[in-house]
Amino acid sequence: MVNGVGKESDVANFDSAELHEWLESLNYVLQSGGPESVKELLNALYLHAYQRGVRLPFSANTPYLNTIPIEDQPPFPGNREIERRMKSLTRWNAMAMVVRANRHEDGIGGHISTYASAATLYDIGFNHFFLGMGDNHDGDQIYFQGHASPGIYARAFLEGRLSRQQLENFRRELNPEGGLSSYPHPRLMPDLWEFPTVSMGLAPIQAIYQARFNRYLEDRGLKENTGAKVWAFLGDGEMDEPEALGAISLAARARLDNLIFVINCNLQRLDGPVRGNGKIIQELERAFRGTGWNVIKVLWGEDWDPLFAKDGDGLLAKRLEEVVDGWSQKYTVQDGAFIREHLFGVDPRILEMVEDLSDEEIRKMSRGGHDPEKVYAAYKAAVEHKGSPTVILARTIKGYGLGESGEGKNITHQQKKMNEGELREFRARFGIPISDEDVADAPFYRPPEDSPEIVYLKERRAALGGPVPSRVVRCEPLEPPSEEMLDEFYEGTAGRGMATTMAFVRILSKLLKDEKIGKLIVPIVPDEARTFGMESLFRQVGIYSHVGQNYEPVDADSLLYYKEARDGQILEEGITEAGAMSSFIAAGTAYATHGVNAIPFYIYYSMFGFQRIGDLIWAAADMGVRGFLVGGTAGRTTLAGEGLQHQDGHSHLLAYPVPNLCAYDAAFAYELAVIIRDGIRRMYQDQEEIFYYLTVENESYPMSAMPAGVKEGILKGMYKLSASENGKTGHRAQLFGSGAIVNEAVKAGQILAEKYGVAADVWSVTSHKELRRDALDAERWNLLHPGETPRIPYITRTLQNEPGVFVAASDYVKILPDSISRWFPKPLISLGTDGFGLSESRAALRDHFEIDARYITLATLTALMREGEIEPDVVRRAVKDLNIDPEKRNPMA
Ligand SMILES: Cc1ncc(C[n+]2csc(CCOP(=O)(O)OP(=O)(O)O)c2C)c(N)n1
Ligand SMILES: [Mg+2]
């Protein structure tokens, strides 16, 4: 391949006199009638050709040029010289932070090259656009690219918001003097970071739903429209994550002109080029323009403008378009002579355009994303644009300024060290006032407080409303719903069947009607409202739609019609769990972002939660999200018929690793009512940074009335549901069930009493996770405080005097009861649903997974046999009597 052109260049085709004539005429139309006339003319020509059978290849692309022509570039309002010096200092300090950290602790990591490429993109934002959060106004919400965080810290250092010591302790957060987290983590730096971004692809989708949620709050009158924006700074490699582009059509459809993506197109990812054989910027332009975004390309710096002015025939533009990114990256590391020959040399007429430039001038010609005036123009256009979201595709160089040691190299992403020579080069290039003796140390540098740089920088942030990034929690504690309000759920259904899903929907419906907190509830569903019997809410509170309802719904004449409204309360997200989860995050962090105590309830198919969007749940935990995740159709055997990909018997296990998540598997309406009320109290009154996962199921059975004195046990994770009436008989057993499987434990208790003379008490285990958390806390305390009165875990305390053997069953994997068994007074037999689900009836599934009343009975008898209380023969006979096939298929096999 020669000069990046796969086939023989067709630049020569432009030679024709005919083309010249056409271009001349077009120029005339442009001069006389302006751009609008040109548009009209081209449209008419297109149609004319189309009608005569000419089919143009479809392209959603514009030429490989800056979208904003030089004539439309606004004057730059800042002081370029001061801004350049400040930016140089930020570059230096960001680099020094990583270099010094790795000298302290080899292998501690950090990134230099991402920020090096994005410095101008951030600085123009900081100096001219990013709105800070003030006392009476919202700021912008800004998603900073995770790997660029050294630069954001360096800027905060110049602003006097972070100390030298904190910079010194980058990535050493346990240092007593304080350190800085590797990436944006609100959990670790709750006053600074708002949005965790480092897991690639999650920032773009979250930013979209954040912008949409801002609209939702405005349209529902919960927040004023202050004109603030959501900015997402993203990597071009990151855009390959499915989530990254997965929601862009929503942003366009919802006309989110409060949203700006800035994609740092340095053409490189971690290993090498993003698209060596293609052009990532053009590819992204197509994707975004295709869905209706406003796309602004910032490709070329000001030193290209004179060349484009000479490019009347578009020869240069065409050449730039045909060069693939692999070559573009190569030009970054080559000298001017190579670029002259290889890039411009394909056509003598293009070569002529650069004949006045020296090789060195050619080598230095800048990319648009490093040109402050071009970036300013793009941001200004984006902020002022109305009617659609904007994406800025800014072309930059990865590792910009690292010179020989990294600029544009494939290894640059991982570079963390710089030797003395490289540091000197860096210092010289950016004019950092550090002496020859000191430079090898890579010391941090901050000019005096009264220096023009610091004064300017502080003045700019003050004018824009305060520091960025900054996380400030401004909302007042909220009263939980009154006890009486949920009373009705304590009473039970007097023998009438009801599923916990239905009970949950009734609780939600009641909360929605509450005068104080009703309006703060945010119900979120990914196209599953009917699955959960929630369709009555469509009419009750409406489905949110910024444009209202511009059609008559097909079911308009029914009571529960599909009502869309501008002040609708339900976020009906369609089939996107990732999108719905992003809404949950936006709503669950509104207490910090907007000072609004929004209470989200996100109801979804439990199988499509943790395992599908687990990383978003992890990010939510990092952000201190509040609210309730509600896994519907839960339980491997309770959801009958749906089979392997639907039956969830492990989401509670997947909930274990999330430290601040409280997970409950409720069996009765009153359990749900107690948990939800207490959850609102803990999250919104006491402002604890926790959130909830509740599973609800679709098996209908009578909801019992709440026994006396069990509220504490429900919240702690287990309580005694029923005590055997004939406690005096010889054999005793304690049976533990969770969710719908509690009923199997109750039935087993009856069989045991009637047929085997065993008196069994039945317990409802609402949360294995809470029980384990409590026990681990006690155990840890005891380890660290030898010789002091040991703390006794709730499980041990509650069960120590309970007689007999212990058997637990749930609709989830056996590891859940196993995870708490060591605090039981005796060995625990765990039954559970390990294995793949399959399509069957509920009863057949419970037989298959060996968790129904018969197996609980058998397990109890087996435990009694081990204790020597009953003879093996009795148990052997029981296998037969219970109609259990000992040779049946192993559900784990
Ligand atoms: C989900 C996920 N996968 C992988 C990574 C590891 N990773 C960190 S940075 C990076 C390359 C980023 O390239 P790009 O998005 O182009 O950003 P740049 O540094 O070039 O601006 C990768 C693969 C990650 N952080 N998150
Ligand atoms: Mg990149």
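Me: What do the buried residues of α11 pack against?
Reply: In this predicted model, they pack against α10 (305–310), α12, α13 and α14 (348–353).

Me: How many residues of α11 are buried?
Reply: Six of its eight, so the helix counts as mostly covered, with buried meaning under 20% relative accessible area.

Me: Which ones?
Reply: Leu315, Leu316, Ala317, Arg319, Leu320 and Glu322 are the buried residues of α11.

Me: And in α12, which residues are buried?
Reply: α12 runs over residues 325–333, and Asp325, Ser328, Gln329, Tyr331 and Thr332 are buried there.

Me: Where do they sit around the axis of α12?
Reply: On the same side of α12, because they cover an arc of only 155° around the axis.

Me: Why would residues a few places apart point the same way?
Reply: An α-helix has 3.6 residues a turn, so residues three or four places apart point the same way.

Me: What does that side of α12 pack against?
Reply: The buried residues of α12 pack against α9 (280–291), α11 (315–322), α13 (336–344) and the strand β5 (390–395).

Me: Switching to ligand 1. Which residues come nearest?
Reply: Thr114, Gln145, Asp236, Gly237 and Lys398, out of 18 residues around ligand 1.

Me: What is the make-up of that shell by class?
Reply: Three residues are nonpolar, ten are polar and five are charged.

Me: What is the distance to the side chain of Thr114?
Reply: An N or O atom in the Thr114 side chain is 2.7 Å from an oxygen atom of ligand 1.

Me: And which atoms pair up at Gly237 and Val198?
Reply: At Gly237, a polar backbone atom is 2.8 Å from an oxygen atom of the ligand. At Val198, a polar backbone atom is 3.0 Å from a nitrogen atom of ligand 1.

Me: How much of the ligand's accessible area does the protein cover?
Reply: The protein covers 76% of the 600 Å² that ligand 1 has on its own.

Me: Now the whole protein. How many helices and strands?
Reply: There are 34 helices and 20 strands. The C-alpha atoms fill a box of roughly 105 × 75 × 55 Å along the principal axes.

Me: What share of the residues is buried?
Reply: 58% of the 893 residues.

Me: And the accessible surface, what does it come to?
Reply: About 36400 Å², and 51% of that belongs to carbon and sulfur atoms.

Me: Last one: what share of the contacts with a separation of 6 or more is between residues 24 or more positions apart?
Reply: Such pairs account for 78% of those contacts.

Notes. Residues numbered from 1 in each chain as written. Chains lettered and ligands numbered in written order. Predicted model: local features only at pLDDT ≥ 70, side-chain atom pairs only at ≥ 80, totals over all residues. Heavy atoms only, no water. Buried < 20%, exposed > 50% of the residue type's maximum accessible area, 1.4 Å probe, protein only. Helix = DSSP H or I, 4+ residues; strand = E, 2+ residues; numbered from the N terminus. Arc of directions from axis to C-beta. Contact = heavy atoms within 4.5 Å. Near = heavy atom within 4 Å. Polar contact = N/O pair within 3.5 Å; in protein donor to acceptor, adjacent residues only side chain to side chain. Areas by Shrake-Rupley, 256 points an atom, 1.4 Å probe, with all protein chains shown as cover. Nonpolar A, V, L, I, M, F, W, Y, C, P; charged D, E, K, R; others polar.
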